[in-house]
Amino acid sequence: MTTPSADLNKAIKEMMTRVRAGHLPSSYEIVNETFGELGYDALRLSRDAARGEFNNLLNAAFRHTLTVLERYEDRAYSKGIPSELLSMRANLVAEAERVASQHGFQAGAESLMSSLYLELRQAFLSVSQSRKTRGGRDFELQFERALTLAGFPFEKQRRKTRVDFMMPSDAAFERNRMVCAIASLKRTLRERWREVVGELVELHAANVFLVTADTNISDGHIESICDLGHLHLVIWDEIKSSRFASHPMVLGFTEFANRRLPDLQAVWSSAGLVQE
């Protein structure tokens, strides 16, 4: 396989930035649009309903966010990538026109597509990488919206740690870390999750939850995260019930939102860590 040059990689990166500019909304805007289309807001969904449907709500948002993103991607990429490439490689267009004039349109099109193969390959690799990058941020925002609708107090973490959500707050954690909850999100467990587990264990907190949307949960994940790391792993209900029903440290989203967090919230209230 031909390896693209550093100059080509730079050119495609700059090109894709131009293609996305003004056409692809931010993750916040995409997730906001997703929840609106699904009818998930405080006016139409009560706190208790959001808790009861937490797994289904989050799963629907997780799936529909990609649908919303794809609508914008289709419009941006279908026109933007060809337009930018043809402008960047005007010499190749001229050559394809020459071939077409002598041998017909198909020959000219084949000449152009063949000449642009590396550029096209790198452009669509950029699309794939962008989705992966956005995916983690999207999942974080989906989870945040679900927590808000379910009425759980939390504080987003701005510092460079593996903690994404401190519940009920940073200040409460400083007062009594043994009753507070920590949630760290990993959209998938394919990479770098061991680093996350190591840092979370070092916090020496009692209620630490590693939350994932991954469907490929292995016994090795359970051993390292739950059995050795002593952390709770929060996964989709159907995976919990079908594969890890008897493991107490593996929680489905329904149990997480309807038993674990409400029990902790009651403790926060009685300890004066949250205001009623």
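This is a predicted model: local features need pLDDT of at least 70, side-chain atom pairs count only at pLDDT 80 or more; totals for chains, interfaces and linings use all residues.

Let's start at Arg-71, which at 30% relative accessibility counts as partly exposed; that label sits between buried, under 20% relative accessible area, and exposed, over 50%, using a 1.4 Å probe and protein chains only. Residues are numbered from 1 along each chain as its sequence is written, and side-chain values use heavy atoms, with hydrogens and water left out.

Back to Arg-71. Which residues does Arg-71 form salt bridges with? One is Glu-33, where the closest N and O atoms are 3.2 Å apart. By salt bridge I mean a side-chain nitrogen of Lys or Arg within 4 Å of a carboxyl oxygen of Asp or Glu. The other I want to show is Glu-37, at 2.5 Å, N to O. Glu-37 is in helix α2 and Arg-71 in helix α4, 34 residues apart, so this pair links distant parts of the chain. Helices here are DSSP runs of H or I, at least four residues, and strands are runs of E, at least two, numbered from the N terminus.

Now a pair with another setting. Glu-140 and Lys-156 meet in a salt bridge, 3.1 Å from N to O. This one also links distant parts of the chain: Glu-140 is in helix α7 (residues 117–149), Lys-156 is in strand β1 (residues 155–156), and they're 16 residues apart. Buried or exposed, then, for Glu-140? Glu-140 counts as buried, at 17% relative accessibility, and Lys-156 is buried at 14%. Across the model, the count comes to 14 salt bridges.

Last stop, helix α10, residues 219–228. Its buried residues are His-221, Ile-222, Ser-224, Ile-225 and Cys-226. What do they pack against? They pack against α9 (193–201), β4 (207–212), β5 (232–235) and β6 (250–252), where contact means heavy atoms within 4.5 Å. And just after α10, His-230 takes a positive phi of about 60 degrees.
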